[in-house]
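Reader: Could you walk me through this one? I'd like to start with the charged side chains and then move on to the strands.

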Amino acid sequence: MAFAPKACSLFLVVLLGVCIQLNRAQHVPGARCKCPGTIMHTQEIIGDFEIIEKTHYCDTTEIIVTLAEDGARRCLNPVGRKAKFFVNCWNRINKDDKQKRRCLKRRAE
């Protein structure tokens, strides 16, 4: 009966190793970003925008604009000119949702 405790402890060690490997495999950088792809600019009229800062789930700042005509959402590339405009304006209004219209009224060319 001395074999059973050794086999059981070996099984637990192997199971622990498998659990550790599975836990490490769970984090894939960028896998939980809301924007799988981005565009540099859009010619449509923008009705609203959302800026999502970097998180431990997504390693890039995401700029999501909502088009005024049909409500479609587009992701802007953070290095694009329009995206930088929205980020600068967002920071200038101290990230206040009530003042977002100020950024939308300005011309982001």
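Author: A salt bridge here is a side-chain nitrogen of Lys or Arg within 4 Å of a carboxyl oxygen of Asp or Glu. This is a predicted model, in which local features need pLDDT of at least 70 and side-chain atom pairs count only at pLDDT 80 or more, while totals for chains, interfaces and linings use all residues. Residues are numbered from 1 along each chain as its sequence is written, and side-chain values use heavy atoms, with hydrogens and water left out.

Reader: OK, how many salt bridges does that rule give?

Author: The count comes to 4 salt bridges. In one of them, Lys-100 and Asp-48 meet through their side chains at 3.2 Å, N to O. That pair links distant parts of the chain, since Lys-100 lies in helix 3 (residues 100-105) and Asp-48 in strand 1, 52 residues apart. Helices (H or I, at least four residues) and strands (E, at least two) are DSSP runs numbered from the N terminus.

Reader: Is Lys-100 buried or exposed?

Author: Taking buried as under 20% relative accessible area, exposed as over 50% and partly exposed as in between, with a 1.4 Å probe and protein chains only, Lys-100 is buried at 12%. Asp-48, by contrast, is partly exposed at 32%.

Reader: And which residues are linked with Lys-100 in a network?

Author: Asp-48, Asp-97 and Lys-100 are linked in a network of salt bridges.

Reader: What does Glu-50 form a salt bridge with?

Author: Its partner is Arg-73, with the closest N and O atoms 3.2 Å apart. This pair also links distant parts of the chain, Glu-50 being in strand 1 and Arg-73 in strand 3, 23 residues apart. Glu-50 is partly exposed, with a relative accessible area of 28%, and Arg-73 is partly exposed too, at 49%.

Reader: Switching to the strands, what order does the sheet have?

Author: It is an open sheet of 3 strands in the order 1-2-3, with antiparallel pairing, where two strands pair if DSSP finds at least two bridges between them. Strand 1 (46-52) and strand 3 (73-76) stand at the edges with a single partner strand each, so one side of each is left without a neighbour in the sheet.

Reader: How many bridges join strand 1 to strand 2?

Author: There are 6 bridges between strand 1 and strand 2 (residues 62-67), which run antiparallel. Within strand 2, Thr-66 is the residue that stands opposite Asp-48.
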